[in-house]
Amino acid sequence: MKLEYSILAISSILLIVGCGGGNTTDPSAVSADTAIQTTDTQSTATNPYPAELMTDDEITAFLKVINDARNVAQDCGTKGVYAAAPALSWSNELYLAAYEHSNDLGVSDTFSHDGSGTDSDWTGMETGTSSTVTERIENNGYTNWNKVGENIAAGTDRDTPEEAVAAWIESDGHCAILMDPGYSEVGMAMVKNSQSTYTYYWTQNFGNR
């Protein structure tokens, strides 16, 4: 069976253009991939950076922003117009993977879909190399999937889920991942690190199994 994953990134620092192009209000670094995934790894070690517990109200608020965007048709530019998509349900496993990566980006002061390869890249510590999207997702318990995807965003003024989702919707590739009707579950996390370049780091993981 061919398994698929997609990844996209967007960053901004105040109004300065980030790598990969874009305009002064929505700079972005964009890449998308599909690949055959055959690994199935899950850690038994203790995460040195455990995820913060989310309240039911916080989960509800995150889901509302995401599903409000999916509830209407979206013009994803070069990716086409996407019809309204079914609402997503919350996955704690995808949230744990999202939190791990957002925390790693802030602690290591990096911005990539690959983990930093340092001790904040918990999954990478297990594999001995920088973690990948699929390795983090599986390592946090989301296994036997047939499709997963990831959006990331960061910015010194991007501190609400509304701002993160709006930035993704405005970027063609991110919009297409967010609106993909093939996903049924999502987990999203923001980590603040005032010592890092971008301060606020968002990761949004999608899945279907």
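This short talk walks through one predicted protein model, from its overall layout to one helix and its disulfide.

First, some ground rules. Residues are numbered from 1 along each chain as its sequence is written, and side-chain values use heavy atoms, leaving out hydrogens and water. Since the model is predicted, local features need pLDDT of at least 70 and side-chain atom pairs count only at pLDDT 80 or more, while totals for chains, interfaces and linings use all residues.

Now the layout. The protein chain has six helices and seven strands. Helices here are DSSP runs of H or I with at least four residues, strands are runs of E with at least two, and both are numbered from the N terminus. In order, the elements read β-α-β-β-β-α-α-α-β-α-α-β-β.

How much of the chain is buried? Of its 209 residues, 53% are. Buried means under 20% relative accessible area, exposed means over 50%, and partly exposed is in between, using a 1.4 Å probe and protein chains only.

Next, contacts, meaning heavy atoms within 4.5 Å. Take those with a separation of 6 or more: residues 24 or more positions apart account for 68% of them.

Let's zoom in on helix α6, residues 172-179. Seven of its eight residues are buried, so α6 is largely enclosed by the rest of the structure. Among the buried ones are G173, H174 and C175.

Keep an eye on C175. What does C175 join by a disulfide? The partner is C76, with S to S at 2.0 Å. The rule for a disulfide is a pair of cysteine sulfur atoms within 2.5 Å, and the count comes to one. A disulfide is a covalent bond between the sulfur atoms of two cysteines.

The link of C76 and C175 is left-handed, with -60° about the S-S bond. C76 sits in the loop between β2 (74-75) and β3 (81-82), and C175 in helix α6, so the pair ties together parts 99 residues apart in sequence. Both ends are buried: C76 has 1% relative accessibility, and C175 has 0%.

Last stop: the neighbour, helix α5, residues 161-169. α5 and α6 pack at about 110°, with axes 6 Å apart. Axes are lines fitted to C-alpha atoms, for helices over the stretch in contact, and angles run from 0 to 180 degrees between N-to-C directions. The two helices are therefore roughly perpendicular, the label for 65 to 115 degrees.

Which residues meet? V165, W168 and I169 in α5 meet H174, C175 and L178 in α6.

Definitions and conventions. Angles under 35 degrees count as roughly parallel, over 145 as roughly antiparallel, 65 to 115 as roughly perpendicular and the rest as oblique.
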